[in-house]
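Please open the model in your viewer and keep the sequence panel beside it. The stops below are meant to be selected one after another.

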Amino acid sequence: MTKKTIVKGSVTGKVLKSSQPINFLGTIDKKTGSITDQKHNLSGKSIKGSILLFPHGIGSSVGAYTIYSLKSNNVAPLAMACQKIDLTVASGCALANIPLFVLSSNEYDSIKDGDEISLG
Amino acid sequence: MELTKDEEKSLNGEHGEALQIAYRILSATGEATDAEKLVPIHWAHVSGVNYNTIGDAGEEFLATISKDAKFRVRTTVNPMGYDKDSVEKFDLDENFIQKQESIRESYKKMGAIPSFSCIPYEIYDMPREGTQVSFAESNAAIYANSIGKLKTNKESAFSALASAITGKSPYSDLRKDDSPTMSIAMKVSEPNELTFGLLGYFAGKVADKSVAISGVKNMDKRCNKSMCASMGTSGSCGKFVLDDNSNASEKVDFDEKELQKVYDELNTAESGDMITLGSPQLGLEEMTDLATMLKGRAFKKRCLIFCPRAIQEQARSLGYAGQLESAGCELMSDCCTCLTPLVTKKDVDSVTTNSIKGAYYLKNSNGLDVNLKSLSDIVRDETS
């Protein structure tokens, strides 16, 4: 069961799951949606069109603009789902209108990278 | 979250599009943090000013919202991309300058104070203890909570902007309960600002919203700023307290081994082609300190110093700016090491700095290698 819906929406798609938190500023190319941080476990992958699962957002407050830019550049994820919500991800998704969910730990753990799932 | 009738009307668009957007953001962040209500805030500090970070989408958004948004509380702004006094010395194209000026104009229209600084706490008088503020710019939020005894969550660029437009913020998280859930024992002896930066980066990774640090007696301003900035970079933690007797349930050590691990993650070069100081921007105390350390010496490489315009003016009238320039430093206002478009792969491969936050973004965003050193080691090794 989804624990909480922060930004409403219903989506079906393929999961891109990150084991590490994400700093949306400086580590994602906002024009392509690719993760540029070489030390990140999703390094080189694109978040475009995915259901992006990650533990939570970290770092810069300006990451919210990156989320908004990803949407404007048509390279945003279909939706995002986290274990813990931070203000940067919540406000970025709210403005960009990207569905955002908090998942229970059971549900979060049961979803695997590459799974086809529906949320919302 | 419960909204008043008036807030509800704003959310439904009855008071215009800008307020509707602002309340939409606050509703999402309020929902995310289980807030019951919105409370008034007395100062907003917004990030998202540098065209290098917010891009075309951000520039267009600000141009649109500034048509009918007006800031209701004192609002200061983060650094932008360049210092207009020296912009011609750098290789920035006309599009960048045009977009950056549009962003500056949008914030001005909404009523922002043109501070262009990530250290508002060193330029303006701090409100009294316990005042609710809304600070984006992670180092400033952590500094406001930890040193300034103010109340803010680690706001995002949009949540602080929404607070500036509405004068409100969800009453949740650190605004409500800021007791640490983790205590970190500092086991590294003779720490300097680089050590505290590494500790902050470690703390940000392991701690939740608030953290206690034991084994530290006092920290000077340079150490405090360094720790606030690095903590804000690596995590979502928004406050620290120095406390040897914390009853936090979780306890971890920060020893030489952990220090080395963080250092090895961020230090990627043996030396730098140039030096940058100021992420966060330097305050007056750090400028005067540095001027004293540099007496009779001069940098052997290019050295950029980033500071707020107000601080540069003070330093100039007191004679310190001149001393720093004589020692080979270039003083830059309104911009910052962090996410600067002015230091790029075209000119250099590596940079020497004492800033952990600077190191993280110079590497990840600018693609440069970084040589991390304390300020005293930089002066010892890089001047003659």
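**A covered helix in chain A**

Begin with helix H1 of chain A, residues 63–72, which is mostly covered, eight of its ten residues being buried. This is a predicted model, and the tour should be read with that in mind. Selecting the buried residues of H1(A), among them A:Tyr65, A:Ile67 and A:Leu70, lets you look for what they pack against: strand E4 (79–82) and helix H2 (87–96) of chain A, together with H3, helix H4 (94–110) and helix H7 (157–166) of chain B. Just after H1(A), stop at A:Asn74, which takes a positive phi of about 55°.

**A buried asparagine in chain B**

Select next B:Asn50, placed in the loop between strand E2 (43–46) and helix H3 (51–65) of chain B. B:Asn50 is buried because its relative accessible area, 6%, falls under the 20% cut-off. Its side chain reaches the backbone nitrogen of B:Asn52 at 2.9 Å, and, neighbours within four places in sequence aside, its contacts include B:Phe96, B:Gln100 and B:Cys338.

**Salt bridges**

Where does the pair B:Asp91 and B:Lys346 lie, buried or exposed? Both residues are exposed, and they form a salt bridge whose closest N and O atoms are 2.8 Å apart. B:Asp91 lies in the loop between strand E3 (74–77) and H4 of chain B and B:Lys346 in the loop between strand E12 (329–332) and strand E13 (350–353), so the pair ties together parts that are 255 residues apart in sequence.

Technical notes
Residues numbered from 1 in each chain as written. Chains lettered and ligands numbered in written order. Predicted model: local features only at pLDDT ≥ 70, side-chain atom pairs only at ≥ 80, totals over all residues. Heavy atoms only, no water. Helix = DSSP H or I, 4+ residues; strand = E, 2+ residues; numbered from the N terminus. Buried < 20%, exposed > 50% of the residue type's maximum accessible area, 1.4 Å probe, protein only. Polar contact = N/O pair within 3.5 Å; in protein donor to acceptor, adjacent residues only side chain to side chain. Contact = heavy atoms within 4.5 Å. Salt bridge = Lys/Arg side-chain N within 4 Å of Asp/Glu carboxyl O.
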